[in-house]
Amino acid sequence: MKKNRCGITDRLVKRFVKDYDKYEEPSVRTAYGLFASTIGILCNLFLFFVKLSVGIILRSVSVTADAFNNLSDAASSIIGFVGVKMASKPADKDHPFGHGRIEYIAALIVSFLVIEVGMTFLKNSFEKIRNPETIMFHTILVCILASSVCVKLWLGLLNRRLGRRINSSVMKATAADAFGDVMTTTTTIVSLLICHFSGRNIDGFVGLAVSLLVIWSGISIAKDTLAPLIGEAVDPELCRQIVELVEGYDGILGTHDLIVHSYGPSKSMASIHAEVSNHAAIEESHEVIDRIEREVARKLNIMLVIHMDPVETEDAQVLQHRQLVKQVLSEIDPMLSFHDFRMISGQKQVNLIFDLVVPHDYKKSRQTKLQEQIVEAIREKDERCQCVITVENSYTPEG
């Protein structure tokens, strides 16, 4: 059965999404979003008109209310449609990095709608527990609700599958919304059948459990959507790819301070410090940097800005003191690292200047004690050394 649904989805995608297999391209990604949103609008409007007609004929308030719930779901799909469309707008003077984050905002709105549905269902469940109502059983009603579950389940699977394919937060939110409707409608059917065959009305208690699941689903969507808006850490795999590309070039001795800013699922900008020998010709190093930036843009679709850091590679005294600092840090905490090392040597004093990278769990007081510990440990090995340390955290998860 699952294969059949996937087959239908694939056939629809191939028919309505041009160049569907190039989903990493922004235009194709937008086409996926518009396709899924249009399907959602059509399905929910169809369910709305069918349920509304049946509700009027049967004079059923519950069916009529469920019809308007599908109308609100159509509104969610419209929000997704508008969000994807606006997110695809090109960069302009006021928004030089494009409008990709609008998709996150659209997903956030959908998450609030999911929470609202859960809260309404929670309120109705408490009311049904306090004041149980007689549940009217109609075979045609059960058939309509079962059909609605099938449509919503397919819609949820479609949005979840395509949302994962193009990494769309708004489509994932729409999928969660559809699955929430599947749970609520399924519990309605189960309650109807149990009440009809056993005479026990458990509608309120089952609805209470489902409403909590729906609310939690909405909160989870909101958390996942807020993360890129607030500024989440770079994906470790993407971090590895960038670092490997940069450090794979001859003349690049190391990298640090990688920062990635997301301006939407398909638009990112990054900066990184690349260490080069201070004895290399600056024109040659600059040419290498330009080639790296172009390759990263071509392979990863990321606008990368590289800052060159000159590193001493031949002075024995500098290399000796760099090794000294490395040894001390390793003895104190293997998680510590440093970069931008410089040495200013005088007759009676040697100044060691470097940036110290510490884990995020190092609080301010611990950082102060750490600096004192490092200075003391280095002076024990060479009493001429004075340290000028700048403490910072890494912008990457593994730093």
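**Pocket, salt bridges, aspartates**

By class, 19 nonpolar, 18 polar and 13 charged residues line the largest pocket. Nonpolar here is Ala, Val, Leu, Ile, Met, Phe, Trp, Tyr, Cys and Pro; charged is Asp, Glu, Lys and Arg; polar is the others, Gly among them.

A word on the source. This is a predicted model: local features need pLDDT of at least 70, side-chain atom pairs count only at pLDDT 80 or more, and totals for chains, interfaces and linings use all residues. Residues are numbered from 1 along each chain as its sequence is written, and side-chain values use heavy atoms, with hydrogens and water left out.

Back to the pocket. The largest one has a volume of about 1,500 Å³. A pocket is an open set of points on a 1 Å grid over the protein atoms alone, where a 1.4 Å probe fits, with protein on both sides within 12 Å along at least five of seven lines; lining residues have an atom within 4 Å of a point. Grid points are joined across faces, edges and corners, and the volume is the space filled by probe spheres set on the points. Of the 50 lining residues, Y104, N167, S262, P265 and S268 are closest to the centre. Helix α7 gives the most to the lining, 8 residues. Helices are DSSP runs of H or I, at least four residues; strands are runs of E, at least two; both are numbered from the N terminus.

Next, salt bridges: a side-chain nitrogen of Lys or Arg within 4 Å of a carboxyl oxygen of Asp or Glu. The count comes to 8. E103 pairs with R29, closest N and O atoms 2.9 Å apart. That pair links α4 to α2, 74 residues apart. E103 is buried at 2% relative accessibility, and R29 is buried at 9%. Buried means under 20% relative accessible area, exposed over 50%, partly exposed in between, with a 1.4 Å probe and protein chains only.

D181 forms a salt bridge with K152 at 3.2 Å. D181 sits in α6 and K152 in α5, so the pair ties together parts 29 residues apart in sequence. Both are buried.

Now the aspartates. D355 is in strand β5.

Last, D340 in strand β4. D340 has a positive phi of about 50° and is not a glycine.
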